[in-house]
Amino acid sequence: MKRIYLDYNATTPLSEEVRAFYTAELLDYANGSSLHEDGRGVSKKIERAREQVASLINAKPHEILFTSGGSESNNTVFNTMVTEAKKRGRRTAVITAIEHPCVLESARRLEEYFGFEVIRLGVDSDGVVRDGAYRDALAKKPLIVSVMTANNEIGTIQDIKSLAKQAHAAGALFHTDAVQAAGKIPVDVADWDVDYATFSAHKIYAPKGIGALYMKTGAPIEPLIHGGHQEHGLRAGTYNGPSIAAYGLAAELAKVGLADYGAHTRALRNRLRDGLLSKVPAVKINGHPDRVLPNTLDVSFPGAEGESILLHLDLLGVAVSTGSACASGNLDPSHVLVATGLGPELAHGSIRFSFGKYNTAAEVDYILDELPPVIARLRAISTVKA
Ligand SMILES: Cc1ncc(COP(=O)(O)O)c(C=O)c1O
């Protein structure tokens with residue numbers, strides 16, 4: 001059976017172009033810091049990739065720090081705040097309740113070990129940061145504000161430009177985790193005027209284990225990994241030349257293909273959404289109706305458990321995600337859906353479909369044929385009724 005992959009927010013395959021390029025690059029083994037011709041060749045490719053990644057997000061090349069991915073980029077920003085707190089005499093961090101765990105945990109570390117106050121902003125039922133709560137948090141004169149550009153589960157997009165402007169007016173630094181936004185919607189760090197932004201290669205058809213941190217010129221930054229001169233001493237460790245080069249190509253392709261990508265995934269997402277709404281009683285679409293990633297559809301099926309739906313779809317050849325983190329042995333409902341006010345039953349019965357460039361309308365139609373009877377069966381045996 002040919003598998004149908006609808007989990008592009010978890011990770012993407014290498015695109016055909018990136019795969020061909022990357023496999024050739026893997027043969028280029030030289031150390032990008034070596035002074036000989038071989039090393040200089042790798043260094044040139046790294047600088048080319050820096051330009052390509054910068055161009056995707058409208059940054060200057062020197063504002064791009066290559067890291068091992070989104071988690072490291074986010075950790076680097078929060079780690080920087082330890083020294084920055086001493087310099088600026090501020091010790092409050094503002095985040096949202098729906099951030100990725102690598103932000104939530106980095107902030108918790110500041111709270112637990114470095115005496116920070118962490119304000120976790122709630123969101124409205126669509127997943128949008130509430131204006132009033134944001135203003136109240138800024139009144140506490142935070143050191144750093146971190147709000148994700150787009151949520152990985154429900155796809156809700158925040159107004160980063162306005163949030164950054166307000167944070168700056170309160171004297172705070174502003175960071176956004178833009179891992180899920182890049183390649184799906186326009187990202188313009190200069191126009192948004194953020195101090196830091198986080199990116200990951202494996203969400204845009206490039207290899208895993210590589211990513212970037214945008215640091216606005218002059219923004220303070222402390223290395224997380226010490227002991228090497230790479231990245232101007234900001235990130236030690238021998239360069240992963242092939243992955244960086246492949247990331248550069250993927251960024252260039254993402255920029256060129258952005259409009260088509262949005263149109264293609266949005267059409268598939270809407271086809272599935274409309275089909276489910278007409279074929280399955282009492283479904284609830286989570287996330288903002290318009291300010292949402294074009295490829296992301298999060299749906300609650302009251303009266304049916306998310307994990308059971310996922311396993312049935314898996315047997316039917318379809319790969320999706322649930323909101324709850326069952327893979328880690330934790331059956332708590334999604335912290336994102338709970339933050340939007342969903343009760344445990346709806347939060348437990350949610351499925352995230354996330355589309356990508358290799359999905360087709362025929363795949364959506366297959367799901368629309370196969371999923372409704374699965375939901376009906378699960379509801380029939382459930383003790384909780386829809
Ligand atoms: C919003 C968000 N931030 C950060 C990450 C972590 O990125 P990486 O896997 O590159 O460490 C992810 C990946 O799932 C994500 O969705």
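A residue is called buried here if 20 or more other C-beta atoms lie within 10 Å of its own, exposed if 12 or fewer do, and partly exposed in between, the C-beta atoms being placed from the backbone. The model shown in these views is predicted, and local features are described where pLDDT is at least 70, side-chain atom pairs count only at pLDDT 80 or more, and totals for chains, interfaces and linings use all residues. Residues are numbered from 1 along each chain as its sequence is written.

View 1. Helices (H or I, at least four residues) and strands (E, at least two) are DSSP runs, numbered from the N terminus. The buried residues of helix 9 are Tyr261, His264, Thr265, Leu268, Arg269, Leu272 and Leu276. They lie on the same side of helix 9, because the arc that they cover around the axis is only 120°, the arc being that of the directions from the helix axis to the C-beta atoms. An α-helix has 3.6 residues a turn, so residues three or four places apart point the same way. The face turned away from this buried side carries the exposed residues Ala259, Asp260, Ala263, Asp274 and Ser278. The buried residues of helix 9 pack against strand 10, strand 13 (350-354) and helix 13 (361-381), where two residues are in contact if their C-beta atoms, placed from the backbone, lie within 7 Å. The end C-alpha atoms of helix 9 are 31 Å apart, which agrees with the 32 Å that its 22 residues should span at 1.5 Å a residue; the expected span is 1.5 Å times one less than the number of residues.

**View 2. The contact between the two domains.** The domain assignment of the protein chain, whose bounds come from an automatic or database source, gives domain 1 (4-12 + 258-381) and domain 2 (16-256). The C-alpha centres of domain 1 and domain 2 lie 27 Å apart, and the contact takes 24 residues from domain 1 and 28 residues from domain 2. On the side of domain 1 that touches domain 2, helix 9 (258-279), strand 10 (296-300) and helix 11 (335-339) each supply at least two residues. The residues of that side divide into seven nonpolar, 14 polar and three charged, with Ala, Val, Leu, Ile, Met, Phe, Trp, Tyr, Cys and Pro counted as nonpolar, Asp, Glu, Lys and Arg as charged, and the others, Gly among them, as polar.

**View 3. The shell around the ligand.** There are 13 residues around the ligand, of which Gly69, Gly70, Ser71, Asn152 and Ser200 come nearest; a residue is near a molecule if its C-beta atom, placed from the backbone, lies within 6 Å of it. The residues of this shell divide into three nonpolar, nine polar and one charged.

View 4. Leaving aside its neighbours within four places in sequence, Gly287 is in contact with Asp126, Gly127, Ile154, Gly155, Thr156, Val292 and Asp298. The C-alpha atoms of Gly287 and Asp298 are separated by 7.1 Å, although these residues are eleven residues apart along the chain. Arg291, found in the loop between strand 9 and strand 10, is partly exposed, with 16 other C-beta atoms within 10 Å. Beyond its neighbours within four places in sequence, Arg291 is in contact with Thr156 and Ile157, and its C-alpha atom is separated by 7.7 Å from that of Gln158, 133 residues apart along the chain.

View 5. In helix 10 (residues 306-315), Gly306, Ile309, Leu310 and Leu313 are buried. Seen down the axis of helix 10, these buried residues fall within an arc of 100°, so they line one face of the helix. Their packing partners are strand 11 (318-319), strand 12 (321-322), helix 12 (344-348), strand 13 and helix 13. Gly317, which follows helix 10, has a positive phi, near 95°.

View 6. Lys141, in the loop between helix 5 (131-138) and strand 5 (144-146), has a positive phi of about 55° although it is not a glycine. Lys141 is partly exposed, with 14 other C-beta atoms within 10 Å. Ala282, in the loop between helix 9 and strand 9 (284-286), has a positive phi of about 60° although it is not a glycine, and Ala282 counts as exposed, with 12 C-beta neighbours inside 10 Å.
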